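User: I am new to reading protein models and would like to go through this one step by step. Could you take my questions in turn?

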Amino acid sequence: MNIKKLAVFAAMSSLSSVILFYAGLSHGDTLILDDQSVCDNIATVYWQAGQLTVTCDGSGTPVNQPTNPTPSEPTNPTPSEPTNPTPSEPRVNASCLDSEPNTRVESFSGRGIDQEFVLDNESILAVPFMSGSDGAVKKIALGEPGKGEHFKKTVIISRCPGVYNPDEYDHTSSVEVCALTGLELSFSVIAGASRSDYPLSSYRCVLKPNEQYYINVFQRYAGSRPPFTADTQNTCNTNQCGVRVSIR
């Protein structure tokens with residue numbers, strides 16, 4: 001009994017080589033493919049359409065082996081579309097009350113801002129910022145705008161946007177709420193654990209470290225010195241109420 005290795009045939013490329021190999025196969029031979037016996041007893045062997053077909057007698061498995069297998073086409077992976085990360089919205093403290101109507105919350109300002117805003121009559125501006133690490137100082141100014149009506153304002157710095165609560169500010173102890181009022185305001189805030197550690201003459205507000213706060217600008221006047229009062233009288237007479245906000 002002869003043993004024929006089909007693996008040798010798969011490596012042939014010319015027709016003459018196929019004919020020689022084909023002629024060498026006979027009934028009763030054993031056929032080996034890739035070092036495994038796939039036909040214990042060859043029954044028929046024939047060549048058709050560039051393909052060798054071997055059938056087995058009994059329990060063997062038919063073998064079909066093309067002479068020149070067609071290589072698969074390489075695939076070019078489709079590049080994924082670049083994604084543009086969506087800017088995160090300011091985080092609002094879960095304990096905050098609902099903002100007053102007509103509150104305009106600006107996008108997160110990061111470390112600093114120097115921008116003019118023109119507001120509708122009776123609208124509220126809320127600008128978010130981070131207090132920074134312990135001992136970090138930020139200088140805040142609310143000055144005269146280049147356009148729009150210059151108005152007296154009450155500024156509430158707190159962890160809630162659009163909430164008018166100047167009466168909650170205790171300038172001797174508060175690290176949650178800070179209130180100021182005037183036509184133009186320029187002051188410093190510091191991140192710290194206690195109001196008593198920093199003089200009011202140097203830092204008008206003490207804020208908890210690494211927390212998000214809002215500079216809330218109201219068209220109201222709550223008095224020039226603490227304790228402030230929650231005066232609701234509007235201080236802007238037009239629909240073009242201007243303010244320049246600087247945080248640095």
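Analyst: T154 stands opposite T181 in β13, where a strand is a DSSP run of E of at least two residues, numbered from the N terminus. The model is predicted, so local features need pLDDT of at least 70 and side-chain atom pairs count only at pLDDT 80 or more, while totals for chains, interfaces and linings use all residues. Residues are numbered from 1 along each chain as its sequence is written, and side-chain values use heavy atoms, with hydrogens and water left out.

User: How do β12 and β13 run, parallel or antiparallel?

Analyst: Strands of a sheet pair through backbone hydrogen bonds, in either of two directions. Two strands count as paired if DSSP finds at least two bridges between them. Five bridges join β12 to β13, and the two strands run antiparallel.

User: Where is N165 placed, and is N165 buried or exposed?

Analyst: N165 sits in the loop between β12 (153–158) and β13 (178–182). Buried means under 20% relative accessible area, exposed over 50%, and partly exposed in between (1.4 Å probe, protein chains only). Because its relative accessibility is 12%, N165 counts as buried.

User: Which residues does N165 touch, not counting residues up to four places away in sequence?

Analyst: Contact here means heavy atoms within 4.5 Å. With residues up to four places away in sequence left out, N165 touches I156 and V177.

Notes:
Helix = DSSP H or I, 4+ residues; strand = E, 2+ residues; numbered from the N terminus.
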